[in-house]
Amino acid sequence: MALPPIQFDRASGALEGANLWERTAALALSTGSKISSHFSHRGYIGCANLLRKTLPERNIAIKLNSDAIFEFPYGEGYWSKLLNRSFRYEDELELLFRDSAGVDYTLLDCGANFGYWSVLVSSAPFGSHKAIAIEPSSQNFAKLKNNAAINNHRFEPMRCAIGAARGTARLSGTKHEAFSIAGGAGGRGEDVPVLALDNLLDDGKISADGKYLVKLDVEGVEIEAIKGGARLLQGDSVVMCEEHGNDPNHTVSRFILEQTPLKLIVYDPRSNRLETVTELSILDRIKVSSHVGYNVFGTASAFWQNRINALNANAARRMQ
């Protein structure tokens, strides 16, 4: 019989249902995150996963806010950083999501993994938004469905990959946070269905006149995914995708800037603003760690550009 999940409240720091060793491990995982945050958490995942091997197999349910529970295997390296209450996961995305709480939009969470953003965006403090969580890995999808269930099924999980066109592909990889269809049809892995973003319009899952925030965490097929969403991205949509720190050519950003009608926007930590980019050299300064990803935004929507301008103005006032 499976052990019930450990409970952790990010707001209060309360840890419940853990034995002495599991409590000691929680302290180690939190402290390790605080220390490794000074060098972009390099080495943290490997160390956490070693520690995990000494722990009983059970889940931890993290209370992200008053209306959001996120569950994952206890000790898992990628998500255990959440035990560090000062850690902020992709805070440039959270900045936009928080500011958009009052906007009637749908999140398209592509490469949803265990569903962190779908859990958060569908919660009351973030505006209780509709979310479609799209994840191709059967291993990850089971955990995604569990997170939908423990949050009252308030977002919709879909098992498929996102690409340039409808079809099938081979998903492979050794890390749950880095499964990809970019490797081609051969090799180990599993066959998964592929949809283009525009197929969501064709299939009636979403409507062309809606507002969308589209998170693309698709591990090497960002450009194909953007190509497959040409119609969707002409409307009131923002695509948010990862620019890899080890890519000096800024391939994804270059494609958005030079090959699409989208405005390219990046978060600049120096100005604490979402800056519209006309010259890619700004990314040379922003991308300081080669082993992490940096989110960039693309939009053709005057509505969302105005929202981002207002967000910047509010941030400037807060800093005065």
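Helices (H or I, at least four residues) and strands (E, at least two) are DSSP runs, numbered from the N terminus. This is a predicted model: local features need pLDDT of at least 70, side-chain atom pairs count only at pLDDT 80 or more, and totals for chains, interfaces and linings use all residues. Residue numbers start from 1 along each chain as its sequence is written, and side-chain values use heavy atoms, without hydrogens or water.

**A loop with positive phi**

Asn 152 is found in the loop between helix 5 (138-150) and strand 7 (156-158). His 153 has its place in that loop between helix 5 and strand 7 too. Most residues other than glycine have a negative phi. Phi of Asn 152, however, is positive, near 60°. Phi of His 153 is also positive, near 55°. Burial is judged by relative accessible area: buried means under 20%, exposed over 50%, and partly exposed in between (1.4 Å probe, protein chains only).

| Residue | Phi | Relative accessible area |
|---|---|---|
| Asn 152 | near 60° | 66%, exposed |
| His 153 | near 55° | 61%, exposed |

**Asn 65 at a strand end**

Asn 65 belongs to strand 3 (residues 59-65). Asn 65 is buried, at 16% relative accessible area. Its side chain makes polar contacts with backbone nitrogens. A polar contact is a pair of N or O atoms within 3.5 Å; within protein, one must be able to donate a hydrogen and the other to accept it, and residues adjacent in sequence count only if both atoms are side-chain atoms. A polar atom of the Asn 65 side chain lies 2.7 Å from the backbone nitrogen of Asp 67. For the backbone nitrogen of Ala 68, the distance to a polar atom of that side chain is 3.1 Å. Contact in general means heavy atoms within 4.5 Å. Not counting residues up to four places away in sequence, Asn 65 touches Leu 120, Ser 123, Pro 125 and Phe 126.

**Helix 9 and its cover**

Helix 9 (residues 251-259) has these buried residues: Val 252, Ser 253, Phe 255 and Ile 256. They sit on the same side of helix 9, because they cover an arc of only 160° around the axis. The arc is that of the directions from the helix axis to the C-beta atoms. Their cover includes helix 7 (222-227), strand 12 (236-244), strand 13 (263-268), helix 10 (281-286) and strand 15 (293-299).

Ile 265 lies in strand 13. Ile 265 is buried, with a relative accessible area of 2%. The C-alpha atoms of Ile 265 and Ser 253 are 9.1 Å apart, and the two residues are twelve places apart along the chain. Leaving aside neighbours within four places in sequence, Ile 265 is in contact with Leu 274, Glu 275, Thr 276, Val 296, Phe 297, Thr 299 and Ile 308.

Asp 247 is in the loop between strand 12 and helix 9. Asp 247 is buried too, at 16%.

**The cavity**

On a 1 Å grid over the protein atoms alone, a cavity is a set of points where a 1.4 Å probe fits but cannot get out; lining residues have an atom within 4 Å of a point. The count is one cavity of 30 Å³ or more. The largest cavity has a volume of about 30 Å³. Glu 90, Lys 215, Leu 216, Asp 217, Glu 242 and Asn 295 line the largest cavity.

Notes:
1 Å grid on protein atoms, 1.4 Å probe; cavity = no way out; pocket = protein on both sides within 12 Å on 5 of 7 lines; lining within 4 Å. Points joined across faces, edges and corners; volume = space filled by probe spheres on them.
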